[in-house]
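Biologist: Could you show me how to read a model like this, one feature at a time? I'd like to begin with a single residue and its surroundings.

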Amino acid sequence: MTVAASPPDEPGWATAHTLAEAHQKAGDLPAARRAAMRGLQAEPVSEILYRDLLRIEYRAGNLAAVRRTADKLTALAASLDVELDQETSALVNMLLASRP
């Protein structure tokens, strides 16, 4: 799949999220990672895309990238003086707790 232009009523991050999910389901983690990263370039504060990236890196067995992504997201939230969504916090805790 290639990243296509978003429909006029759909933000670019939503298209990236849809592509990241589709590629994950198909087992194409490199393509899923590219979709999430492109989406984050367009919308660098999207927790949905960060959750996608966390799941992708975890599925790829890249626990160092899971930690870096979680740290980056935590720092971003702190810099914006906001709390992470409960879903995001739970995902980070679950993924990091399952590390060997």
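Biologist: Which residues does Glu57 touch, not counting residues up to four places away in sequence?

Modeller: Contact means heavy atoms within 4.5 Å. With residues up to four places away in sequence set aside, Glu57 touches Arg33, Asn62, Ala65 and Val66. Bear in mind that this is a predicted model, where local features need pLDDT of at least 70, side-chain atom pairs count only at pLDDT 80 or more, and totals for chains, interfaces and linings use all residues. Residues are numbered from 1 along each chain as its sequence is written, and side-chain values use heavy atoms, leaving out hydrogens and water.

Biologist: Is Glu57 buried or exposed?

Modeller: Buried means under 20% relative accessible area, exposed over 50%, and partly exposed in between, with a 1.4 Å probe and protein chains only. Glu57 counts as buried because its relative accessibility is 7%. Across the protein chain, buried residues make up 36% of the 100 residues.

Biologist: Which helix holds Glu57?

Modeller: Helices are DSSP runs (H or I, at least four residues), as strands are (E, at least two), numbered from the N terminus. Glu57 belongs to helix H3, residues 47-59. The protein chain has five helices and zero strands. H3 counts 13 residues and spans 18 Å from its first C-alpha to its last, close to the 18 Å expected at 1.5 Å a residue; that expected span is 1.5 Å times one less than the number of residues.

Biologist: What do the buried residues of H3 pack against?

Modeller: They pack against helix H1 (12-26), helix H2 (29-42), H4 and H5. Among the buried residues of H3 are Tyr50, Arg51, Asp52, Ile56 and Glu57. Just after H3, Gly61 takes a positive phi of about 80°.

Biologist: Back to Glu57, then. With which residue does Glu57 form a salt bridge?

Modeller: A salt bridge is a side-chain nitrogen of Lys or Arg within 4 Å of a carboxyl oxygen of Asp or Glu. Glu57 pairs this way with Arg33, and the closest N and O atoms are 2.8 Å apart. The pair links distant parts of the chain, with Glu57 in helix H3 and Arg33 in helix H2, 24 residues apart. Arg33 counts as partly exposed because its relative accessibility is 25%.

Biologist: How many salt bridges are there by this rule?

Modeller: Six. In another one, the side chains of Arg51 and Glu87 meet at 3.6 Å, N to O. Arg51 lies in helix H3 and Glu87 in helix H5, so this pair ties together parts that are 36 residues apart in sequence. Asp71 and Arg67 also meet in a salt bridge, at 3.2 Å, N to O. Those two both lie in helix H4, four residues apart, about one turn of the helix. Salt bridges that share partners also join Arg51, Asp52, Arg55, Asp85 and Glu87 into one network.

Biologist: And the nonpolar side? Which residues touch the most other members of the largest nonpolar core?

Modeller: Nonpolar side chains tend to be buried together in soluble globular proteins. Here a nonpolar core is a set of buried Ala, Val, Leu, Ile, Met, Phe, Trp, Tyr and Cys residues joined through side-chain atoms within 4.5 Å. The largest one has 13 residues, of which Ala20, Ala36, Leu40 and Ile56 touch the most other members. H1, H2 and H3 are the elements that give two or more residues to this core, and H2 gives the most, with five residues. Apart from this core lies another, of seven residues, including Leu91, Val92, Leu95 and Leu96.

Biologist: Which residues make the nonpolar surface patch?

Modeller: Val45, Leu80 and Val82 make a patch of about 250 Å². Val82 lies in the loop between helix H4 (63-79) and helix H5 (86-97). At 46% relative accessibility, Val82 is therefore partly exposed. Patches use residues with over 30% relative accessible area and no salt bridge, joining like charges within 9 Å and nonpolar side chains (Val, Leu, Ile, Met, Phe, Trp, Tyr) within 5 Å. Areas come from the Shrake-Rupley method with a 1.4 Å probe, and for residues only the protein chains shown count as cover.
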